[in-house]
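Please keep the model open while reading.

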Amino acid sequence: MAHEAVIGLEVHAELLTESKIFCACSAKFGAPPNQNTCPVCLGMPGVLPVLNRRVVEFALKAGLAINCRIARYSRWARKNYFYPDLPKGYQISQYELPLCTGGEVEITTADGGTRAVRLTRIHMEEDTGKNIHDAHGDASLVDFNRCGVPLLEIVSEPDMHSPAEAGAYLRKLRSLLRYLEVCDGNMEEGSFRCDANISIRPRGSTVLGTKVEVKNMNSFRAVEKAIEFELRRQAEVLEQGGRLVQETRHWDPDREVTRPSRSKEFAHDYRYFPDPDLLPLLVSEQWIERVRAELPELPEARQARFGRDYGLPVYDAEVLTARKDLADYYEAAVRTHPNAKAISNWVMGDVLRIVRERKLDEVLVIRDWPVVPAQLAALVALIDNGQISGKIAKSVFETMAQTGASPERIVAEQGLTQVSDEAPIIAAIEQVLAANAAKVAEYRGGKDKLFGFFVGQVMKATQGKANPQKVNELLIQRLTGSP
Amino acid sequence: MAEAYRLSIDAASAALAVRDISAVELTRAVLARIEATEPALRSFITVAADAALAQAQAADARLAGGDAPALCGIPLAIKDVILTRGLRSTAGSKILGNFVPPYSATVTRKLLDAGAVCVGKANCDEFAMGSSTENSAYAITRNPWNLSCVPGGSSGGSASAVAAGQCLGALGTDTGGSIRQPAACCGVVGIKPTYGRVSRYGVVAYASSLDQVGPLGRTVADCAHLLGAIAGHDPRDSTSVDCPTPDYRAALSGKLAGLRLGLPKEYFVDGMQPEVEQAVRAAVRQLESLGAAVDEVSLPHTEYAIAAYYLIATAEASSNLSRYDGIKYGFRAEAEALLEMYRRTRAQGFGAEVKRRIMLGTYALSSGYYDAYYLKAQKVRTLVRNDFLAVLDRCHAIVTPTAPTTAFRIGEKTADPLQMYLADIFTVSVNLAGLPGLSLPCGFDRTGLPIGLQLIGRPFDEQTVLNLAYAYEQATQWHLQQPEI
Ligand SMILES: [Zn+2]
């Protein structure tokens, strides 16, 4: 029997606020264990949470960008359970009245069309700490640095029907959150994590099958692989006449299988109830409108504008607007030197290559990178003015990326200025022709292909600095003219 | 100066200001009184003699300097659920037996900033759960008026210490009557402020939506001083309200003309000790003779308040007490595996009453029961609050007994928790409604045990309640009686 996959995703996105959600501790990743802690995030006796309003603004940004309904009145709830990384014995979250509901994310399907994945809700909550096992013999240690770091939980409807669609949704969501600069989207560091609810049903049926929740996937590839495995496993169980059980499974990336979670025996009753230490969250219309006004131009709108204003092909516009810092970088360069297509080529090629080599794409740091937009623009201007060749420009760019020096300075210090004066080029041509008399004869005898050879030799003799157009011109003159 | 420990805060401040007595002398007198009476009373979990003398020395320096703050040099006791930086704070529980907090509660900080001297941490029912101070993991506090009786609870140590002269005033906490009920039992004045008037930061939580810190003192004016020192908005407590703090001491005029009081018929029930009813009715007549008008009023949902209170309080407590798991601080039981460690730590660390309430609360919040219990209780709470607000629309304050009986005997009710829960029957509604409530002495029963009168005010109108109490106190002699110990 043909089956249809039904997939819903729950994404946890850590927010890039300076401080934690209910205390003033730093929310930065990577500090030594337990350095970013205080009595409040450690849940010591008597302490009370105080809401960081920036967290609400970040959540509003995401909600507005996804066209969610924003609740003017929402509430904080306690989710009660025991675990060593949860210092209060409960997690402060939102439950029956979340900040955002509805909204949708548009994805591209396998047939090239688009489809909307609906969102159930987006709510705010605090992250938990981290248990570290077996660090010293049989001891377990707890690092509470992440405790109280703000999270958005973004829950989709079961609107995806293949691993590829799940992947497309996740990428789109991540790129949107990064674009809004509310989350760095780093899956390896856990700041963008995902649980998948997966079930299958006979094609054409509208009834949902028994769902399995899969956790522990820390890359896009893992999500797709895990869903793929789970769909195959569920189909096999059904085909062999078995029954699926509702359960939580973990993805084992080494063996590429999902396995039942060990904590299955603890059927959790989280005993949610409104947190009496926090007042209900009231979001005024003015606050919503202020955040809406501060929203950046969103990727789709910007992509369209790049086509319109800069005459860029769709592909270029899409790549450049995939992240906000990249699009900002591009526009800043074009403002300095308006050769839109040439700058697009540089950004999509060499800039992104270096970004990838240096793993800058995992964090939002293009703006901190040595080659500032004005310098890239200056490099393109040097080519356009005929001061350096495209080839020389490549090596100048490498030096810029290494040292952060301006292209003008590199060209001047290394003497790379393109030679357009005829005299030195003619001298080089004479030298090359004299040294290759036999080939000159062959060329003149009709072997046209040798022209490229002569160009190469002349460029080599001038260390690449000769203006290639001049070289072409003068070579033809010399080869076709009198011997 | 004979019996300096008996001074009121007003009198002590005046004596300190003119250097009739030094803060160190006053603190020594109080510490000596503690030493003499503590073996019989057990009002304290921790006596902090050295720290108190150091604070008194600092107070003397400030007094000598001329511009001493309000409570400079006044020796006080602080209930052990209120955290004191560097001074062991156990909340009356074994599970926090070794807990020395690295931070102070906001109320502690405010008192110390005002120059007060903290002589020690007062005994209390474990995590403030109880009506007798028999549920402390450390000791049973005795009533200074009769050592075989309880001091009431849960701030029994604070009330007993104030009554016996082991301090000039004290802080307690009140979740369902835990300041007013022991104040009544020990013949002192205690006020639970409006919810949100005083910061809860650094106060070990029992039931967050009901808990409030308040003072106990031998006179109304003493309570007014202390309340003024601890009240006010605290950015660390989101539920504390940002409204100005009146000068409570200065507002004590004793004038009652034009004040209208409500006497709720539901508060005079069968099974009440007759002497309590007689004393309260006499007090009402006294208030009338002082110029207040009294109407009989009705608070129709009173009979549901105790049930609603125990559902909400235990639900919140079950969650608030989850953090005591042996992982990060406090007592930890030995075990091989994590779950076993949790189980043993909590089994050995908590006392029976705390466990009983955690289980009740866990049950009330469980899926499938939430709507029937917790949610329903919240609806009752709204009805109770609306009852009060309707009456307080017409009346400036409500007068009731504080407790249905005078202090009971130690052990008398421990076997029957439901009987014990009824000790707070007249006080819990005030917490559900979030209103200010005060208890002051209004007589004695035939065995010589004090009787308490409760005054309940409009939200954030502690002044009227204090002023009513002050007028009554000025017209009567009850507060001048002292236990013989
Ligand atoms: Zn913190």
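The points below concern a metal site, a sheet and a helix pair.

1. The model is predicted: local features need pLDDT of at least 70, side-chain atom pairs count only at pLDDT 80 or more, and totals for chains, interfaces and linings use all residues. Residues are numbered from 1 along each chain as its sequence is written, chains are lettered from A and ligands numbered from 1 in the order written, and side-chain values use heavy atoms, without hydrogens and water.

2. The zinc ion is held by the SG atoms of A:Cys23, A:Cys25, A:Cys38 and A:Cys41, at 2.3 to 2.4 Å (donors are N, O and S atoms within 2.8 Å of the metal, or 3.2 Å for Na, K and Ca). The angles of 100 to 114° between the four donor atoms make the arrangement tetrahedral (all angles between 85 and 135 degrees). The spacing of the donor residues in sequence is C-x1-C-x12-C-x2-C.

3. In chain A, three strands form an open antiparallel sheet, ordered β5-β4-β16 (strands are DSSP runs of E, at least two residues; helices are runs of H or I, at least four; strands pair if DSSP finds at least two bridges between them). Its edge strands are β5 (90-93) and β16 (273-274). A:Arg78 has A:Phe273 of β16(A) as its bridge partner.

4. In chain B, helices α8 (residues 274-289) and α15 (residues 462-475) pack at about 100°, with axes 10 Å apart (axes are lines fitted to C-alpha atoms, over the stretch in contact for helices, and angles between N-to-C directions run from 0 to 180 degrees). The angle makes α8(B) roughly perpendicular to α15(B) (65 to 115 degrees). B:Ala283, B:Gln286 and B:Leu287 of α8(B) meet B:Leu468, B:Tyr472 and B:Ala475 of α15(B) in the contact (heavy atoms within 4.5 Å).

Conventions. Parallel < 35°, antiparallel > 145°, perpendicular 65-115°, else oblique. Tetrahedral: all angles 85-135°; square planar, octahedral: opposite > 155°, others 65-115°.
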